[in-house]
Amino acid sequence: MSVYPHARREEIVEVIGEAIISDPYRWLEEESAEALAFQAEQNRLSDHQLRDWPGFEALSDKVGRLTAPLTMVAPRQCAGKWFSLLHEDGSAFLRVSDSPEGSGRRFSLPFGGTAADRPATRVDWWLPSPDGRCVAYGVSEGGGAQGGIQLSRLGILDTGTGTPASRHIEHVAFGALAWLPDCSGFYYVAGLQNAAVNPERRLFFHRLGDDAPDRSEPLRGLSYCLPQVSPDGRHVVLVRGSREPRADLILDREGTAGWQLFMSGMRGACFGYLEDDCYVAITNVGADRGRVVAIPFATAADPDTWQEIVSESEGVLRYICRVGQRLVVCDLVDANARIRVFTREGQPDGVVPLPAEGAVADAASWAWWHYVGVTMVNAGDDTIAFVHSSFARSPVTYAYNLATKELRALSPAATELPGIVTTCIEAVADDGAGIPLKLVGREDLDPAQPHPTLIFAYGGYNHAFVPAYLAMFAAIVEAGGVLAFAHLRGGGEYGTAWWQAGHHDHKQRSFDDIYAVGDWLVREGRATTDRLGLVGASNGGMNVAVAVTQRPDLFKAAVALVPQCDLLRYGRDPFYGGRPIEGHHNGTHIHGGTWRDPAQGRTQAGGGFGTAMFPESVYPDPLDYSPYHAVRRGETYPATLIVSGSEDLWCPPWHGRKLVARLQAESAGSAPHLLRVWRGDGHDVPILGTAEQAAEWVGFLMRQLGLL
């Protein structure tokens, strides 16, 4: 292994409760010249280690072909027309036609920002007005740093003239826009500034074509929010939260009372859509896996007055929409997508005949994660459209007519992976629970023999981990490796209790489930510790960093994509970290991690450590699993690669800088510990970045596991 860049140590020691905390690399938290120089040296080392080997270019080309279908987006039917978003040669286009396959009219989707703006290359989301005359679209801020899944610049296209229908708007939250029925304007959620400076968001109203400043609604301290408008335009609801979305607030636009509490006192999820006199919602109140209810406006706080429309079943409900006089309900059965149709009264009206077990979404990007309440199908006049994929079949767009019950594929699959089989098993955890596991490999592999195996997992935030197209992982599987697709507690695949079992003060359970899967693979002779790898992104990246430091004996190699690694200091960052904001309904923070409950207390002034980080529970202290603090001098750790984006607001690169510095200084053995930070990129770079970016970490794993 090459000589690592030098990282000076500082003697910083703090006492927190009864713990003495050493933090020798705190200086790497800052974006100082010294820290950035260290980062640049790490990138130069990674250039050599990750790219300077025979076969990298061939692997990069292969990963590029495998990941190309991830740009697919389902069309939208609106006002008798079909709207399709197309990405070609680095530019975005909108197509408007009479059918989803029709050629129609094409419009470029530019963004007229200032001269200092970085050129826009990707449209992250879009929403036609009810009459189809205009289309709102969001373009990434900072090359994906605050776009895609954070904040966007908003443009409005007039489809009649092909010109902007209104001025551009900055810092708009992903998809957080609701048109008025008469298309005269819309409500939207936006930040006040760049989110790295000020993370607070507010609700605004924009009158189409009005150059006056938009009206800010008198609500403060908003975080994840989605406005919804009733079909008659009278009521507006604000849905808040990403783990248990809930219609917290309601406004009668014809009344004088202003914004009122709606479902905010209810413990549990409650999200759906507005009827003229009620709210039709998925809720887990009284149903672990969810049910559909109609909630009268006047008695919303009393569940006894709710009318059940669709009762709880074996599926975990994730999304609902209305199409004409029918309800479309999307759920997960053993993490596989299912789409059911009901009458408005709740009578079954068929199940959409999906081509195979797999995942459904409105777009192929971020294929393996499903956020509860986020659009799974695009609702039209009489048709739904969606993207479907499975492990061995790349995304395909479909349209399903609810009246004729006809399912049409709008395009062929770009990639079919022949000879790939999936085996579903359960690994038994130390508490006796079965951890569902999907093993994906070539059909010619002997299951009685061990093979290079890669565990891929998430397990957090009530986000479901779904079996979508393998994409870049196909390179590993085709080379003879096995992908162990693990459903950890903390995820949303199996209902509320499954999520809560690995949430907040039970977060250690998610990590233990990873070890249960790894130990099972080794014990059953399907893998060996010298050819067992682990990879995860975001919360999954944190899982990887924890596993490397808690169970270094179990893994040969690990890749932590955009992780948090210092769980005692993440509160220093305003966007994710827990700075108190007046009026915020959770009291203490904007986003916060799965290892603490925001209701338990405020952040301590000046110290950067939250009292809520130390709840009295089975796992009372994130210090027990904070990766940066868990590194022990002289321990032999697996080969580890940490990948970050310099503009990532959720998991900024200082986390990786600190952990890599400590691993490089204190780990025994010759296994490499590398850091890659992509300048100008954000949280989605490891999955949605270039082929070369993905090929780096895929190649690292393949080489360490003996597949190259």
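Student: What percentage of the 708 residues of the protein count as buried?

Tutor: That's 62%, where buried means under 20% relative accessible area with a 1.4 Å probe, protein chains only. Keep in mind that this is a predicted model: local features need pLDDT of at least 70, side-chain atom pairs count only at pLDDT 80 or more, and totals for chains, interfaces and linings use all residues. Residues are numbered from 1 along each chain as its sequence is written, and side-chain values use heavy atoms, with hydrogens and water left out.

Student: What makes the largest set of 60 residues a nonpolar core?

Tutor: A nonpolar core is a set of buried Ala, Val, Leu, Ile, Met, Phe, Trp, Tyr and Cys residues joined through side-chain atoms within 4.5 Å. Trp368, Leu470, Phe473 and Trp697 have the most contacts inside this one. Helix 10 (residues 691-704) gives the most to this core, seven residues; helices are DSSP runs of H or I with at least four residues.

Student: Which residues does tryptophan 697 touch, leaving aside neighbours within four places in sequence?

Tutor: Among them are Met472, Phe473, Val535 and Leu641. Contact here means heavy atoms within 4.5 Å.

Student: Why are strand 24 and strand 25 called paired?

Tutor: Two strands pair if DSSP finds at least two bridges between them. Eight bridges join strand 24 (residues 326-333) to strand 25 (residues 336-343), so the two count as paired. They run antiparallel, and leucine 332 stands opposite alanine 337 in strand 25. A strand is a DSSP run of E, at least two residues.

Student: What makes strand 23 an edge strand?

Tutor: Strand 23 (316-323) pairs on one side only, as does strand 26 (348-351). The open sheet's order is 23-24-25-26.

Technical notes. Buried < 20%, exposed > 50% of the residue type's maximum accessible area, 1.4 Å probe, protein only.
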